[in-house]
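Please open the model in a viewer and keep the selection panel at hand.

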Amino acid sequence: MVLDLGLEKISTERDLLAPGHRLCAGCAEPMAIRQILHAIGEPVVVGSSTGCVEVTTTPYPFSSWRVPWIHSAFENVSSTICGAEAMYRSLVRQGKMEDKGIKFVCFAGDGATYDIGLQWISGAMERGHKFLYVCLNNEAYMNTGIQRSSATPFGAWTTTSQDGKARFGKREHRKDVTAIMADHNIPYVAQASPHAWRDLMAKTKKAIACDGPAFINVLVPCQRGWRYPGEKTVELCRLAVDTCVWPLYEVIDGEYSLTYNPNPKRPVKDWLDSQGRFKHLMTPENAPIIDQMQTWVDLQWQRLLERCKVA
Amino acid sequence: MALKSWKEILIGGMITDVGNSINYKTGDWRSYRPIWDDKKCNNCKVCWVYCPDGSITIKDGVMIGMDLDHCKGCGICAQECPQKAIKMMEETKLREAVK
Amino acid sequence: MPAESYQDDGGDQVEGGGEMTTMNVAKYKGLPKGLEGDRAVAEAMRQMNPDVVAAYPITPQTEIVMRFSEFVSNGEVDTEFIAVESEHAAMSSCIGAAAAGGRVQTATSGAGMALMWEVLWVASGSRLPIVMHAVNRSLSSPLNIHCDHSDTMGMRDAGWVHIFDENVQEAYDSAIQVLRIAEHPDVMLPTLHALDGFIIGHSVERMETLPDEAVKEFIGTYTPKYSLLDFEHPATFGPMDLQDYFFEHKRQQVEAIQNALDVIVKVGQEFGELSGRPYGLMEEYCMDDADYVLVALGSTAGTSKVAVDMMRDSGVKAGLLKIRCFRPFPHKMVSEVLGKRKVVGVLDRSISFGAQTGPLCLEVITSFFTHGVSPKVVNYVYGMGGRDITPAHICEMYKELVEIDKKGITGPVQRFFGVRD
């Protein structure tokens, strides 16, 4: 498969997400969506869960989606798109419509994916529907005002895991949904970030080409929820990857491989320093929390390297 | 835009004028405007691939400017341009200068 | 029990457009069978050959899904069958499939329907003509797998059309009709028909199925106006409404469900021409001169017909009004039929906790008040969690109506029949 990622060609193709959406200035979600949809190409049917993207791209009577798009509820974009995909297969099989090579993709936040929607995605993956599920992971329930999800990192401030006299922020390490998806034995799983657009678009092309379900977990920094200046969004993605907080890898038919190995591997403290949601950890009494976080990141990184047979 | 009655709109909240968000000018949101130096620009299109609002205008493979109707002034393009060809300047000052 | 009275009628007596019609000439001859309700519904589904079915098992609907799966495995249908991982996922997949422009069906009961609650509203709000075979079951807690109407009554405000079945024949016939009702351009709403769990669902009754070509002819083909798979006219389904448009979209739904009243009658008449069994919004049994009337939904209507015969034998002018269409509620017709009766007893197989009466009785009393008629009304809540109701029980109710005529209503309007005090 030839991966043509020269921006010359795709910059001539129309954006499938039209401007005029109401996402915050500097939001990484539309950045990721634009890149992903350019990589998929047309014809594509898109589903969104309830969340920032859904409400800001379709405030009636406006819609930013130049392709067919559906939203039904918060937890169920996977089931909804699976229903559409099943209908497509049924109609083509019965000769009621011709096979136009329609692709199906879901966009959902980490809240919808890690928490409330986990059952629905698991069912969809297990049944083997041919679709791509993209988790736009900004590590909290941002649309409702920055509440913790199981994707929120250890020690982070959110409105439901606040730092105060009795607590230091979120007390649990985040769940590894990418690994959970890989353990569903689906053809393609990956972790990506929109700063590394070539990597994200290559992963998208592989994902959408496989004959079954695919899952990509994309880190999308949120300047409101993470508390940093909006122009630094891309820089923050780099920092997440270079500190190994957000490794870039893929799992193809169960085989893990790293797509980026940071050199040098930067300390987690650099990552924490860049955002206001970790500001409270920078006190001497909270130094052990930072140590715990470094230990945890190192452990996850080591585990990943072993899986990727790089260790 | 005058609000329509229930008899005038499609059922189920369906929107068939897809992509009509382009008529909503988010350029009003700006506090800072990107100013682009076309002499420094080498058409790498990194700004285009990063812009959250699709507001980098490309014509015939050449970057010709910003869509100021929709650019929210986030500053990512200025931050990421490898040629440092984009600077962010205060919107109000620029508007006053025009008067 | 219900089958006997059905056969004795010599044809289904139906009120539609204000006229009583008995049809004897049908385009197609029926094929006599002995089928349980669930299996009859599955057979109807096989003949309708939906494009997608997404369903999850729950007693007492399970027979429908299992039997339909046999058809799928044997290649007797073209349906893409999605064995989803929960009822919420079932309805969610139905929504996506229906938006993708084809025919979609599902079935559920009780807690399963309750689990779908959120997305039942999404289905109707998005105006998707999904068909649901609702096998009535109680709602926990405590856990009970038997029949009462709590599940469908729990979602009576969700904007679905609700049709109730009296027996297996009706379950089969309504299964086919609801598809035409849902897809009608003046309606475009998800539609369910409710059959009593176990009582109809698992009871073998004599009935007739139509030949495959009759069902094909009746349902025709479905050409949706909008589809997710239409790239020439791409559309956005399920946007966000703010305060400025939500109310208008809901007003449209009100119009649509009211339109269903006429559509149900027309579809029922057309079905009559096909099968010899016409249908409407309700059915009157011995109502010409009835002074003492019970109003019922579901299988209890059949039981009540036997009781009416028994009461008539003992000289009481008893009658039964069976409500077939509960949503939209045909309030005008109900007030016309019942307005001049002496005493009306409304049977509810569900409780609206905190309300003065059960859901059906609330509708009946409201229709009386708004149309200016005032027979005496009492409410009998019965049969919760599958508690049996027999013709003898119904006769006791009729006797009570006679007493009320003599002495007035002494005691509360809402009575609980069959509970051990």
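**Stop 1: a residue in chain C**

Select Val334(C), which sits in helix α12, residues 331-338 of chain C. The model is a predicted one. Is Val334(C) buried or exposed? Val334(C) is buried, because 23 other C-beta atoms lie within 10 Å, and the cut-off for that class is 20 or more. Next, display its contacts: leaving aside residues up to four places away in sequence, Val334(C) touches Val364(C) and Ser367(C).

**Stop 2**

Colour chain C by domain, with domain 1 covering 2-275 and domain 2 covering 282-416. Their C-alpha centres lie 26 Å apart. The contact between them draws on 33 residues of domain 1 and 26 residues of domain 2 of chain C. On the domain 1 side, the elements of chain C that give two or more residues are α1 (2-9), β1 (14-16), α7 (150-154), β8 (161-164), β9 (191-196) and α10 (246-275). Which of these gives the most? Select α10(C), which contributes 5 residues to the side of domain 1 of chain C that touches domain 2 of chain C. Coloured by residue class, that side of domain 1 shows 16 nonpolar, 11 polar and 6 charged residues.

**Stop 3: the open sheet of chain C**

Now show the strands of chain C. Seven of them, 7 strands in the order β5-β4-β6-β7-β9-β8-β15, form an open sheet with mixed pairing. Select β5 and β15 (325-327) of chain C: these strands stand at the edges, each with a single partner strand, so one side of each has no neighbour in the sheet. On average, neighbouring strands of this sheet are turned by 20 degrees against each other, direction ignored.

Select His162(C) to find its bridge partner in β15(C), Arg327(C). Then bring in helix α8 of chain C, residues 168-183, which lies across β7 (131-136), β8 and β9 of chain C and runs at about 165 degrees to β9(C).

**Stop 4: the side of chain C that touches chain A**

Display chains C and A together. Their contact takes 39 residues from chain C and 39 residues from chain A. On the chain C side, β4 (52-55), β5 (80-83), α4 (87-99), α6 (117-125) and β11 (236-237) each supply at least two residues. Helix α4(C) gives the most to this side, with 9 residues. By class, the side of chain C that touches chain A comprises 22 nonpolar, 10 polar and 7 charged residues.

Select α4(C) alone. The helix has 13 residues and spans 18 Å from its first C-alpha to its last, close to the 18 Å expected at 1.5 Å a residue. How many of the residues of α4(C) are buried? The count is 13 of its 13 residues, and the helix is mostly covered. Following α4(C) is Gly101(C), which has a positive phi near 85 degrees.

Move to β11(C), where a pairing crosses between the chains: strand β2 of chain A, residues 69-71, runs parallel to β11(C) and is joined to β11(C) by 2 bridges. Select Trp69(A) and Thr236(C), which are bridge partners.

**Stop 5: a hairpin in chain A**

Stay with chain A and select strand β5 (residues 188-192) and strand β7 (residues 249-252), which run antiparallel and share 4 bridges. In this pair, Gln191(A) stands opposite Tyr249(A). On β7(A), also select strand β8 of chain A, residues 255-258; the two pair in the antiparallel sense over 4 bridges. There Tyr249(A) stands opposite Leu258(A). β7(A) and β8(A) form a hairpin with 2 residues between them, and Asp253(A) in the turn has a positive phi of about 50 degrees.

**Stop 6: the side of chain C that touches chain B**

Finally, display chains C and B. This contact takes 18 residues from chain C and 11 residues from chain B. The chain C elements that give two or more residues are β11 and α10, and α10(C) gives the most, with 4 residues. The side of chain C that touches chain B divides into 6 nonpolar, 7 polar and 5 charged residues.

Conventions
Residues numbered from 1 in each chain as written. Chains lettered and ligands numbered in written order. Predicted model: local features only at pLDDT ≥ 70, side-chain atom pairs only at ≥ 80, totals over all residues. Buried ≥ 20, exposed ≤ 12 C-beta atoms within 10 Å, placed from the backbone. Contact = placed C-beta atoms within 7 Å. Domains from an automatic or database assignment. Nonpolar A, V, L, I, M, F, W, Y, C, P; charged D, E, K, R; others polar. Pairing = 2+ DSSP bridges. Axes fitted to C-alpha atoms, helices over the stretch in contact; angles between N-to-C directions. Expected span 1.5 Å × (residues − 1).
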